[in-house]
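Take a moment with the model below. Then follow the text from one residue to the next.

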Amino acid sequence: MASPTDRMSPEERRAGASLASIFALRMLGLFLILPVFSVYAKTLPGGDNLALVGFALGAYGLTQAFFQIPYGIASDIFGRKQVIVVGLLIFALGSFVAAWAPDMTWIIVGRVLQGAGAISAAVTALAADLTREEHRTKVMAMIGSSIGLVFALSLVGAPILYGWIGMGGLFVMTGVLALAAIVLLFKAVPPAPPPHGHEKLPLRRVVFDPDLLRLNVGIFVLHMVQMAMFVVLPHALVSHGGLEAASHWKVYLPAVLVSFAIMVPAIIAAERKDKMRPIFLAAIGLLVIVQSGLLLFSGSLWLLALWLMLFFVAFNVLEATLPSLVSRTAPPAAKGAALGVYNTTQALGLFIGGAAGGYIAQHFGDNAVFAACTGLILIWLVVANSMNFPQRRPVAAATQTA
């Protein structure tokens, strides 16, 4: 029978679930537009320029990159919840601006404001504050999994919602959900510890730590590939699959359901059976297969559905394990800084992936995007293979040092 220290307390479970929900609500602002934006953009002035469309998709990540570390430091000084509220309010404002936008320029302004609500580091720091060391990995995995879950559900739901309420309605909905997340923050998240001031730490120790650097390369590549492929993938579903944007859910829904059925056992094996290294590397390898398949074998709807399902499997596994590995690898005195750098590189990947995907598609064609993604993931696989994976700590030892 498991001892009490093997189990999360009710407060830890509540903190993990509620913070994952807040993270998920905010990520809807990015993911809901991915499946349909490139189709919708053609109805706006400037929307026929794929490079501009890609920049609009990635602009969110650009401002995220600038603000993640400052938000994390501010949460040390002023308190986690106060900083999260400010970020969600700015995000909501950007959503409403994008909903009103009459052209691509104002869409980009709205996306920039959305990205300025960069609360990821503050949320993960609050999660660390509210959980014991032996359970922190589980909570980080909950938050990471929420990103993959919202991404998958957004790809299923966005085409349907787009058909009902249009792109303006999607942006309004994301703004309202961000405001709802503020209510959830104060109603569901346990009380945060008082701000303790920012402890000065050598940031270079975090930035240039070899294993943290490998993880940061990973999250950069993962989100760069994600954004780049969804600049062109909706067009592939229309041209090769004969599906209008409002019908894309017919591909996304079964692919998502199958992928989660495969992903959950993989996550359990990685965490409970100390199989993190082989499962992590296998997920990266699966991404190589997916991008190569999209490049070479994507001429039918069935093939596109297969590659999408396999992409969701790999993406969700990696999205759940990467922040968990960062929290376990970072020095105890530098977890906040490490998470800030991690979220900054994630945001840079979002921005560069959208902008580069649009540029490559505009000048070299859709297949060039998949080829570039394949090369990037192969580089990541080599980098990750040389990483030292943290070992699972025995509960008794963790309890003694908690």
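Start at Thr 131. A polar atom of the Thr 131 side chain lies 2.7 Å from the backbone oxygen of Ala 127. Keep in mind that this is a predicted model.

Where does Thr 131 sit? Its place is the loop between helix H6 (120–129) and H7. Is Thr 131 buried or exposed? Thr 131 counts as buried, because its relative accessibility is 6% and the cut-off for buried is under 20%. Now look for Arg 13. In sequence, Arg 13 and Thr 131 are 118 residues apart. In space, their C-alpha atoms are 8.9 Å apart.

Next, find helix H13, which covers residues 335–364. Asn 343 has its place there. With a relative accessibility of 2%, Asn 343 also falls under the 20% cut-off, so it counts as buried. What does Asn 343 touch? Leaving out residues up to four places away in sequence, Asn 343 touches Gln 68, Ser 120, Ala 121 and Thr 124.

Now turn to the largest nonpolar core. It holds 134 residues. Which of them touch the most other members? They are Phe 37, Phe 230, Phe 280 and Trp 380. Helix H7 (residues 133–187) gives this core its largest share, 19 residues.

Pick Phe 230 and look at what surrounds it. Again, residues up to four places away in sequence are not counted.

Methods: Residues are numbered from 1 along each chain as its sequence is written. This is a predicted model: local features need pLDDT of at least 70, side-chain atom pairs count only at pLDDT 80 or more; totals for chains, interfaces and linings use all residues. Side-chain values use heavy atoms; hydrogens and water are left out. A nonpolar core is a set of buried Ala, Val, Leu, Ile, Met, Phe, Trp, Tyr and Cys residues joined through side-chain atoms within 4.5 Å. Buried means under 20% relative accessible area, exposed over 50%, partly exposed in between (1.4 Å probe, protein chains only). Helices (H or I, at least four residues) and strands (E, at least two) are DSSP runs, numbered from the N terminus. Contact means heavy atoms within 4.5 Å. A polar contact is a pair of N or O atoms within 3.5 Å; within protein, one must be able to donate a hydrogen and the other to accept it, and residues adjacent in sequence count only if both atoms are side-chain atoms.
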